[in-house]
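Subject: Structure for you to look at

Hello,

Here is the structure I promised to send over. Please open it alongside this message, as my notes follow below.

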Amino acid sequence: MKIIFILGPTAAGKTERAIQLAQQLKTHIISCDSRQFYTELNIGVARPSKEELAAVPHHFIACRSVRNPYNVFTFQEDALSCIEELSKTFDTLVAVGGSSLYIQALTHGISVLPDPAPELRKALQDKLHNEGVESLRSMLKTLDPDYYARVDLANGVRIQRALEVCITTGTPYSQLINKPLEPRSFQIETEIVSPPREILRQRIDARVRKMMESGLEQEAKDLFPLRNLTALNTVGYKEFFSIWDKQGSTFLLTQTQEEEVIESICLNTWHYAKKQLTWLKKYSSLIQQ
């Protein structure tokens with residue numbers, strides 16, 4: 001059994017390539033995108049179109065609600081079960097996605113970590129909300145300097161999760177996630193889709209404007225009541241939420257504000273793409289086994 005992983009930064013053309021390959025191999029696609037799981041998120045997460053989804057059977061696309069969040073550990077368990085079942089029919093599968101943690105969960109595994117006591121989670125959430133991410137950074141630096149050195153220090157959710165594990169287990173988060181795991185039963189092959197950076201930037205800008213033409217603003221407006229959910233802390237939505245929060249939930253945008261939102265989404269997507277490229281370079285040897 002072999003799984004071909006189509007990897008690359010956002011807007012590089014991974015979806016098109018994965019569908020092309022899956023059609024050629026007459027097989028199924030496993031999605032490893034951490035936002036395309038959710039039924040409510042469509043335009044802003046560049047979910048494959050109805051035509052694309054009809055062209056090849058996809059798994060883990062629009063399979064649950066943002067009100068019922070999906071974590072990497074549950075995904076790992078569900079995806080491996082799905083792969084085991086599909087392996088009875090197919091010799092090769094195609095996997096695609098830009099979410100590094102979810103890709104790594106499938107290729108090499110992620111240790112299942114304990115959930116904290118509800119009161120601990122709430123205390124950390126309140127601290128993050130009231131004092132900002134800086135208050136959690138100092139705690140993490142003390143409890144797990146190794147993870148502090150490599151985590152995205154602007155990502156309060158990840159820092160909070162690491163602290164939950166550190167405090168619950170009494171063991172640094174970095175030690176637990178680096179624990180050796182059992183090798184996968186399937187062969188891993190990778191194909192990286194990554195155009196030159198100047199072309200990638202142009203593709204990102206063009207895609208954002210196409211999203212706007214397709215109704216991204218209305219989609220974000222419909223999701224505004226859910227904006228505090230973790231799944232909605234996502235490029236393509238949070239830029240709208242930021243402006244509407246300041247306006248007291250008044251949804252009207254001036255032409256200038258609309259252009260500012262477009263530019264912010266383009267820039268934030270570009271920053272995300274660069275992080276993906278860094279991850280691909282760093283973990284290429286790991287993925288290749």
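First, a definition: buried means under 20% relative accessible area, exposed means over 50%, and partly exposed is in between (1.4 Å probe, protein chains only). By that rule Glu164 is buried, with a relative accessible area of 1%.

Two notes on the source. This is a predicted model, so local features need pLDDT of at least 70 and side-chain atom pairs count only at pLDDT 80 or more, while totals for chains, interfaces and linings use all residues. Residues are numbered from 1 along each chain as its sequence is written, and side-chain values use heavy atoms, with hydrogens and water left out.

Overall build

The protein has 13 helices and 5 strands. These are DSSP runs, numbered from the N terminus: helices are H or I with at least four residues, strands are E with at least two. The C-alpha trace spans about 55 × 50 × 35 Å along its principal axes. The radius of gyration is 20 Å; a compact globule of 289 residues would have one near 19 Å, which agrees. That radius is taken over C-alpha atoms, and the globule rule is 2.2 Å times the number of residues to the power 0.38. Of the 289 residues, 46% are buried.

Salt bridges

How many salt bridges does the structure hold? There are 12. The term means a side-chain nitrogen of Lys or Arg within 4 Å of a carboxyl oxygen of Asp or Glu.

One of them joins Glu189 and Lys2, at 3.1 Å from N to O. Glu189 sits in strand β5 (residues 187-192) and Lys2 in strand β1 (residues 2-7), so this pair ties together parts that are 187 residues apart in sequence. Glu189 is partly exposed at 33% relative accessible area. Lys2 is also partly exposed, at 23%.

Another pairs Lys88 with Glu85, where the closest N and O atoms are 3.1 Å apart. Lys88 is exposed, at 63% relative accessibility. Glu85 counts as partly exposed, at 47%.

Back to Glu164. Its partner is Arg121, with the closest N and O atoms 2.9 Å apart. Glu164 lies in helix α8 (residues 156-169) and Arg121 in helix α5 (residues 118-131), so the bridge ties together parts 43 residues apart in sequence. Glu164 is buried, whereas Arg121 is partly exposed at 30% relative accessibility. Arg161 joins in too: Arg121, Arg161 and Glu164 are linked in a network of salt bridges.

Aromatic rings

A pair of aromatic rings is described by the distance of the centres and the angle of the planes. Rings of Phe, Tyr and Trp (its six-membered ring) pair if their centres lie within 6.5 Å; planes under 30 degrees apart count as stacked, over 60 as edge-to-face, and the rest as tilted. A search of the whole structure finds 13 such pairs.

Take Phe37 and Phe75. They form a tilted pair, 5.4 Å centre to centre, with 40 degrees between the planes. Phe37 is in the loop between β2 (29-31) and α2 (50-55), while Phe75 is in helix α3 (residues 72-86), 38 residues apart. Both Phe37 and Phe75 are buried.

Phe37 also pairs with Tyr102, again tilted: 5.5 Å centre to centre, 55 degrees between the planes. Tyr102 is in helix α4 (residues 100-107), 65 residues from Phe37. Both Phe37 and Tyr102 are buried. Ring pairs link Phe37, Tyr38, Phe60, Tyr70, Phe75 and Tyr102 into a cluster.

Arg227 lies over the face of Phe224, 3.9 Å from the ring centre. For this, NZ of Lys or CZ of Arg must be within 6 Å of the ring centre and within 35 degrees of the ring normal.

Asn268

Where does Asn268 sit? Asn268 is in helix α13 (residues 255-288). Asn268 is partly exposed, with 25% relative accessible area. Leaving aside neighbours within four places in sequence, Asn268 is in contact with Val235 and Glu239. The side chains of Asn268 and Glu239 make a polar contact at 2.8 Å. A polar contact is a pair of N or O atoms within 3.5 Å; within protein, one must be able to donate a hydrogen and the other to accept it, and residues adjacent in sequence count only if both atoms are side-chain atoms.

Best wishes

How values were computed:
Contact = heavy atoms within 4.5 Å.
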